[in-house]
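Here are a few notes to read alongside the model. Take them in any order you like.

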Amino acid sequence: MCTLEKRGNIFLLTLTSIDEHRLHPNLIDSISPALHTVRSESNSSSSALITTTQGKLFSNGYDLKWALVDPAYQQLMSNKLRSLVSDLISLPILIIIAITGHASAAGFVFALCHDYIVMHKDRGFLYMSELDIGYPIPIWFSALVKCKVGSPAVWREVVLKAAKLKAEMGVERGIVDSAHDGVEETLGEDLVRRNWDGKVYAGCRKTLYVGLLNKLGSDETVGDYGDGEANKKTLSKL
């Protein structure tokens, strides 16, 4: 499901599934222990984590077809992803994501939870697909977008137009930090040289994302228009 490799001060977390890297609980359960290993083995003042994937897709989001089997499954995925997001936000080192394929819906959300996003110039896009698949966006997804994307105009483009943003488009909109011909580790190496205190760094990140943290305790609630039966009907179309 994932591998963890250490290259000097850089930890490289790679999602290794041959499918769409959908955020099924099994995948999340393989990532969480890797983050605990990083937490215990890193030098918090001079380490960084880079997340990437094998294959054409970074992540196509939640495994919604699996969730249709039982309403409790969707809640389980939500619980596990929110716990993973909390772990990332509290991780006392720099975290970077190197995207080499499509990152859609919850896959886009997972990418946004990193401090910096770098993308391959010619492969993949960022895509909040909920409008196109007819699935209401969870409140905490929206809170994350607002924490990480500065412009309300870009919020609308991402959420209310379901725009597919390639790397250079993401850079223009302030979502992607840089676009490269391949996976880029230079950013991590440059920043770890600053030797920031890891606990202070994580504390600053938590302050920056306080709007998201206040929503992470919620479930997949999407507002008054969203209800279990409506979501179930949507899932049946997928």
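A quick word on terms before we start: "touches" here means that heavy atoms come within 4.5 Å. Also keep in mind that this is a predicted model.

1. Start with S32, which sits in helix α1, residues 25-41. Leaving aside residues up to four places away in sequence, S32 touches L84 and D87. Its relative accessible area is 15%, so S32 counts as buried, the cut-off being under 20%.

2. Next, look at T51 in strand β3, which runs over residues 48-53. T51 is buried too, with a relative accessibility of 0%. Its neighbours, again without residues up to four places away in sequence, are L13, I96, I97, A98, F110 and H114. With H114 there is also a polar contact, side chain to side chain, at 3.0 Å.

3. Finally, the second largest pocket, with a volume of about 260 Å³. What lines it? There are 17 lining residues, and R22, N60, L64, S129 and I133 lie nearest the centre. By type, the lining splits into nine nonpolar, four polar and four charged residues. Helices α2 (64-67) and α5 (130-133) each contribute at least two of the lining residues.

How values were computed
Residues are numbered from 1 along each chain as its sequence is written. This is a predicted model: local features need pLDDT of at least 70, side-chain atom pairs count only at pLDDT 80 or more; totals for chains, interfaces and linings use all residues. Side-chain values use heavy atoms; hydrogens and water are left out. On a 1 Å grid over the protein atoms alone, a cavity is a set of points where a 1.4 Å probe fits but cannot get out, and a pocket is an open set with protein on both sides within 12 Å along at least five of seven lines; lining residues have an atom within 4 Å of a point. Grid points are joined across faces, edges and corners, and a volume is the space filled by probe spheres set on the points. Helices (H or I, at least four residues) and strands (E, at least two) are DSSP runs, numbered from the N terminus. Ala, Val, Leu, Ile, Met, Phe, Trp, Tyr, Cys and Pro count as nonpolar, Asp, Glu, Lys and Arg as charged, and the others, Gly among them, as polar. Buried means under 20% relative accessible area, exposed over 50%, partly exposed in between (1.4 Å probe, protein chains only). A polar contact is a pair of N or O atoms within 3.5 Å; within protein, one must be able to donate a hydrogen and the other to accept it, and residues adjacent in sequence count only if both atoms are side-chain atoms.
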